[in-house]
Amino acid sequence: MIKKYLNKIIQGDCMELLKTIPDASVDVVFADPPFNLKKKYKSYQDGLEFKAYLDWCKSWITEMVRVTKPTGSIFVHNIPKWLTYYSAMLNEVANFKHWITWDAPSSPMGKSLQPAHYGILFYTKSKKGNKFYEIRHPHKRDRKTGYLVKDYGGKKDGLHPFGPLVSDVWTDIHRIKHIKFRDEHPCQLPIHLLERIILMTTDKDDTVLDPFSGTGTTAIAAKRLNRGYVGFELDKNYVSISNEKLNATTPISRLGNNWVSFYLNSVITIRDIDWEQLKSHYVIPKIARDIEYKKILLKSDDDRIDRSIHQLSTLEKSLFD
Ligand SMILES: C[S@@+](CC[C@H](N)C(=O)[O-])C[C@H]1O[C@@H](n2cnc3c(N)ncnc32)[C@H](O)[C@@H]1O
């Protein structure tokens, strides 16, 4: 990785900037490009002709794969329509792992099913030897009764106290809907979405590159997890919003010695291998079956919880008050 870019958001055209990055020098690349849906960006006209859009996408996708290390991963976020084309492009140059979907309900469009998810393509540079950590999310519970939503039948004695392994369908992370809680940007992603991806595919001090950085979500998630980051963004205003937020961000997504992802005052993603150490931070029912109706709780004397609340986004804080 070019040192002058490390831990910075660089203003400019990602196609030009990507070309200046050496081959196989980045651990993870995550791209959330404009969706060609005529969204109101400040510096970018989001309405190319069909073929022009796809040709442009192919050129940055090829660059993204080139700069990724042999142990690294490539993620591309978009609506399913464009991902079908991206997938065909990526199949030529990288190794398919998953098509992740995450919840994003939209308005009825007429004469079609109601779109209710975005997709994230997950590819690796190599067939073998890529960095990957299994991750867990908390059990889903009924809000009123606190009981587990999923029926574990006769398997309750084997319940993991924290929660199940994360699948390729993410229904526990939602779009930032309310305009007053967002930056002045039409499609900012939630930080904990990126934290999940980063926890799954990197180690501390690895570097994550986002060629369409927007208001800096990927960089903030990386910094919270003590990873390096590089962001490219065309719009000066988005770059300065990102820098402001990054200046106020510290490596806070941590419980003891382990990196985790918080949302509000709960941990919502952990690595499976960290559980042995993480469990000392929780009050856990002695009998595994009791987890069916009793949530495990973070010990209240854990000052990391207070510190993490300091760094919540405006949206998170407002929900907390
Ligand atoms: C979908 S948004 C990314 C949002 C980002 N994930 C976030 O959470 O803030 C796409 C971004 O790409 C930027 N962009 C468009 N064309 C670009 C280019 N050629 N190089 C760099 N950035 C570009 C737009 O200004 C916009 O901020």
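Among contacts in the protein between residues at least 6 apart in sequence, what percentage join residues at least 24 apart? In this predicted model, the share is 69%. The protein has 321 residues, and buried residues make up 36% of them. Its secondary structure comprises 9 helices and 15 strands.

Two packed helices are described by the angle between their axes and the distance between the axes. Helix 5 spans residues 217–224, and helix 6 spans residues 236–247. Their axes come within 10 Å. The crossing angle is roughly 15°. Angles under 35 degrees count as roughly parallel, so helix 5 is roughly parallel to helix 6. The crossing of helix 5 past helix 6 is right-handed.

The contact between these helices can be given by residue. Helix 5 contributes A219, I220 and K223. On the helix 6 side, these meet S242, K245 and L246. By class, the contact of helix 5 with helix 6 has 3 nonpolar residues, 2 charged residues and 1 polar residue.

How values were computed. Residues numbered from 1 in each chain as written. Predicted model: local features only at pLDDT ≥ 70, side-chain atom pairs only at ≥ 80, totals over all residues. Helix = DSSP H or I, 4+ residues; strand = E, 2+ residues; numbered from the N terminus. Buried ≥ 20, exposed ≤ 12 C-beta atoms within 10 Å, placed from the backbone. Contact = placed C-beta atoms within 7 Å. Axes fitted to C-alpha atoms, helices over the stretch in contact; angles between N-to-C directions. Parallel < 35°, antiparallel > 145°, perpendicular 65-115°, else oblique. Left-handed = near helix turned anticlockwise from the far one by under 90°. Nonpolar A, V, L, I, M, F, W, Y, C, P; charged D, E, K, R; others polar.
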